[in-house]
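This report looks at aromatic side chains and at the packing of helices. The structure comes first, and the description follows.

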Amino acid sequence: MLTVVKIGWRECADTSRLESVLTYALHGWEYRAVDGAAFAEACSSAALPAGRAVLFAVALPAGGFSCEYAQLISALALQADCLDGWAGAVLVDGPGELFTKKIGRELIFMANQAGCAFPGKPLVEATGSLYNFNTQAMLLGETNLQAYKESAACLVRKTAAFAAELSQGGRPARRVVVLHASSRKTSNTLLLWEMIRKKLPADVDVEEISLRNGAVVDCRGCSYEACRHFGEKGECFYGGVIVERVYPAIRAGDAVVLICPNYNDAVSANITAFFNRLTALFRKDFASFSKKRVYALVVSGYSGGDIVAEQVIDAMNCNKNFALPPRFAMIETANDPNSILQCPGVEERAAAMAGRIAGV
């Protein structure tokens with residue numbers, strides 16, 4: 001059964017649009033609706049039933065802040081395993097042009113840290129004007145509101161199917177692609193990866209690809225037609241290591257591990273370029289991406305690891321359709337070279353991360 005968690009509804013002056021969208025999307029489905037406060041209390045008291053599908057339906061108040069949403073985020077942060085076995089998706093409806101994506105990806109991150117898995121493209125967001133549905137409405141030959149409803153209905157179907165697949169047990173990863181742009185002499189993040197790699201099962205095939213030293217030319221904004229033309233051939237106009245090594249590796253791999261040291265509260269420039277350049281391959285292989293999992297290793301010198309992890313969610317899960325397994329990111333804090341080795345409990349956390357990557 002699908003659980004629909006209604007967050008912020010009592011704080012909004014008008015929820016009629018979101019109500020109509022949910023009515024359309026849930027037609028024919030068996031579900032139960034609970035408010036955000038009740039769900040947060042169940043999380044806090046470990047009173048949730050066994051894992052199942054959950055749709056977080058967020059109604060944003062005019063100021064972009066919901067007390068009920070804050071209560072849920074707090075509960076998820078304090079009960080690290082409360083959503084183990086669950087599969088989720090997020091629907092956010094806002095009265096203005098801001099906050100919908102911010103709230104959506106933060107909720108995905110926090111629920112994922114609490115054990116919830118997410119299918120590719122698990123977020124549907126609607127701004128006040130619905131301008132963000134212009135392209136989809138044009139492709140469907142429908143109004144923006146109808147495009148919104150169709151997206152929500154697709155989200156429900158996808159989440160239910162993903163939850164059913166998850167209940168059958170995960171598929172082990174036997175081919176893992178690791179991407180980094182760091183120096184082995186100084187990188188705590190690469191050192192963390194080495195700790196994890198040593199704990200992977202012997203039958204896991206790992207391909208590491210370095211994107212350092214100008215090896216990746218960033219996307220230059222080709223026309224849609226040009227990008228599609230090259231993408232259909234599994235290529236990109238700008239070539240290089242992305243086409244020669246990264247595209248074939250991702251096509252053959254079961255999982256992608258991104259090595260993401262925190263650079264000014266962001267992923268590095270070369271990892272950003274990888275995100276952008278992946279668009280060409282996505283145009284042809286978007287369906288196969290949904291069968292692949294993405295993981296991230298994030299090490300910050302001071303703080304902000306959650307911000308970097310959310311960027312990976314935005315680019316790889318919400319945008320490029322990769323599945324987000326439970327606790328996809330291992331987030332650590334270490335500054336001086338090799339100081340990751342002094343983090344209390346890091347060996348145990350690395351072993352657990354290796355298990356998640358391998359799917360065992």
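In this predicted model, phenylalanine 39 has a relative accessibility of 2% and therefore counts as buried, and phenylalanine 56, at 0% relative accessibility, counts as buried as well. The table sets out the two residues.

| Residue | Relative accessibility | Class |
|---|---|---|
| phenylalanine 39 | 2% | buried |
| phenylalanine 56 | 0% | buried |

A search of the whole structure finds seven aromatic pairs. In the pair formed by phenylalanine 39 and phenylalanine 56, the ring centres lie 5.9 Å apart and the planes stand at 85°, an angle over the 60 degrees required, so the arrangement is edge-to-face.

Elsewhere, Phe282, Phe286, Phe289 and Phe322 form one aromatic cluster, while lysine 6 lies over the face of tryptophan 9, at 4.6 Å from the ring centre.

Turning to the helices, H10 (residues 269–289) and H11 (residues 305–319) pack with their axes 11 Å apart and at an angle of about 5°; because this angle is under 35 degrees, H10 and H11 are roughly parallel to each other. On the H10 side the contact is made by Phe274, Phe275, Leu278 and Phe282, and on the H11 side by Gln311, Val312, Ala315, Met316 and Asn319. Sorted by class, the contact of H10 with H11 comprises seven nonpolar residues, two polar residues and no charged residues.

How values were computed: Residues are numbered from 1 along each chain as its sequence is written. This is a predicted model: local features need pLDDT of at least 70, side-chain atom pairs count only at pLDDT 80 or more; totals for chains, interfaces and linings use all residues. Side-chain values use heavy atoms; hydrogens and water are left out. Rings of Phe, Tyr and Trp (its six-membered ring) pair if their centres lie within 6.5 Å; planes under 30 degrees apart count as stacked, over 60 as edge-to-face and the rest as tilted. Buried means under 20% relative accessible area, exposed over 50%, partly exposed in between (1.4 Å probe, protein chains only). A charge sits over a ring if NZ of Lys or CZ of Arg is within 6 Å of the ring centre and within 35 degrees of the ring normal. Axes are lines fitted to C-alpha atoms, for helices over the stretch in contact, and angles run from 0 to 180 degrees between N-to-C directions. Helices (H or I, at least four residues) and strands (E, at least two) are DSSP runs, numbered from the N terminus. Angles under 35 degrees count as roughly parallel, over 145 as roughly antiparallel, 65 to 115 as roughly perpendicular and the rest as oblique. Contact means heavy atoms within 4.5 Å. Ala, Val, Leu, Ile, Met, Phe, Trp, Tyr, Cys and Pro count as nonpolar, Asp, Glu, Lys and Arg as charged, and the others, Gly among them, as polar.
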